[in-house]
Amino acid sequence: MVLRKNYLEHLKLWREKQLIKVISGVRRCGKSTLLAQYMDYLRLTGVDDEQIISVNLESIEFEHLLDYKALYDYFNSRLLKDKFTYVFIDEVQQCPHFEKAVDSLFIKENVDVYITGSNAHMLSGELATLLSGRYIEISILPLSFAEYAELTTHQSLNSMFNGYLRYGSFPYISQLEKDDNIIRTYLDGVYNTILIKDIAGREGINDISVLESVVKFLCSSIGSPVSIKKISDTINSAGRKISVNTVERYVRALCDSFIFYKVDRYDIKGKQYLKTLGKYYIVDTGLRNMLLTGSSADLGHQLENIVYLELRRRGDKVNIGKLSENEVDFVTSNADGVCYYQVAASVLDESTLARELAPLQKIPDNHPKFLLTLDEVMPNANHDGIRQVNALSWLLGTAPW
């Protein structure tokens with residue numbers, strides 16, 4: 001089991017602060033494990049077991065707490081009067097109107113509340129109204145390449161990355177035998193649970209096959225601009241009827257369940273966000289490889305997907321950059337400023353290198369610019385201020401820049 005250090009540090013930062021800690025992320029990405037690791041940390045700092053109250057609402061053991069009043073009563077009866085009590089509710093969205101119980105616990109003195117959920121819907125509606133400005137969201141993802149490497153140190157760096165790319169980054173994958181049938185069965189179970197339980201059930205979708213058509217379209221379009229109308233037209237041309245509005249609802253539900261992330265375009269020169277032709281990235285390349293055949297040849301877009309997820313892990317706000325007719329893969333911003341990234345599997349061919357550098361060269365400012373590739377020949381070159389970096393070193397945090 002890998003220690004989710006970055007997420008743990010974030011939780012430590014907000015410990016006992018008067019805010020609800022909301023931990024969100026796709027199913028099986030490690031939310032429950034993170035809570036367990038955080039509870040271990042609390043015990044190491046002197047917190048007694050009686051101060052920690054934890055339930056997982058997907059466990060039959062706590063089925064009686066799926067009523068929000070019962071959920072509140074369960075915790076309220078166990079709160080301590082003279083010590084801090086740490087309240088943990090895993091997969092909180094399973095309880096209808098859970099926000100009423102959470103709000104009532106939150107306003108009590110000496111109570112520190114942590115909740116997890118597998119659907120962004122839990123942060124909308126009444127919860128957002130009740131708790132506006134009173135919660136902090138910590139969005140977590142499956143394992144980073146650096147975390148994955150900690151569990152597979154017996155392999156070469158390239159072998160580790162090939163496994164990471166092929167089988168994906170769900171934490172449990174690292175414990176499974178690297179057998180295609182075993183891993184495919186596991187991923188298929190994760191995928192179907194999300195599709196049936198988190199999306200079809202919540203959205204009232206009866207025709208799962210059309211929903212899957214939308215999923216596969218997005219998977220095959222990773223790294224390419226996507227319009228909702230194009231998805232609708234493509235599915236309709238294959239003989240299935242689906243409206244633009246329905247596609248839009250399905251795509252929103254897929255993003256709400258954290259299978260896909262939408263990235264909007266940003267006009268670098270005009271400094272404004274564009275509403276059309278965003279891109280979608282999948283939460284795990286292993287899922288994509290399970291759903292599509294022959295995707296291994298699409299190395300550049302898969303690498304782009306992995307880089308996008310890593311930028312999110314590092315806390316950056318990420319957009320697609322547009323500059324006249326040119327496109328920059330990622331424009332990021334954080335407290336330290338703006339950065340630009342181009343991602344390519346290889347730029348050993350001179351024409352490919354020129355093509356990848358061109359958009360960065362046309363940006364009229366001096367913010368840092370990076371070209372990330374898998375090339376091992378001259379991996380840390382400098383092209384008139386554009387820093388070429390080996391992508392694996394960058395993912396591991398060992399790159400010189």
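These legends describe close-up views of a predicted model. Local features need pLDDT of at least 70, side-chain atom pairs count only at pLDDT 80 or more, and totals for chains, interfaces and linings use all residues. Residues are numbered from 1 along each chain as its sequence is written, and side-chain values use heavy atoms, with hydrogens and water left out.

**View A. An open, parallel sheet of five strands**. The strand order is S2-S3-S4-S1-S5. Strands (E, at least two residues) and helices (H or I, at least four residues) are DSSP runs, numbered from the N terminus. Two strands pair if DSSP finds at least two bridges between them. S2 (52-56) and S5 (135-139) stand at the edges with a single partner strand each, so one side of each has no neighbour in the sheet. From one strand to the next, the twist averages 15°; axes are lines fitted to C-alpha atoms, and angles run from 0 to 180 degrees between N-to-C directions. S1 (residues 20-24) and S4 (residues 111-117) are joined by four bridges. Val-22 has Ile-115 in S4 as its bridge partner.

**View B. The antiparallel hairpin of S6 and S7**. Seven bridges join S6 (residues 260-267) to S7 (residues 272-282). Val-263 is partnered by Lys-279 in S7. Four residues lie between the strands, and Lys-271 takes a positive phi near 50°.

View C. A salt bridge is a side-chain nitrogen of Lys or Arg within 4 Å of a carboxyl oxygen of Asp or Glu. The count by this rule is 26. Glu-91 sits in the loop between S3 (85-90) and H4 (98-106), and Lys-31 in H2 (residues 31-44), 60 residues apart. Both are buried (under 20% relative accessible area; exposed is over 50%, partly exposed in between; 1.4 Å probe, protein chains only). Asp-49 is exposed at 53%, while Arg-43 is partly exposed at 37%.

**View D. Cysteines without a disulfide**. A disulfide is a pair of cysteine sulfur atoms within 2.5 Å. The count by this rule is zero. Cys-29 is buried, at 0% relative accessible area. Its closest cysteine sulfur, in Cys-255, is 16 Å away, too far for a bond. The sulfur of Cys-255 is 12 Å from the closest one, in Cys-219, also too far.
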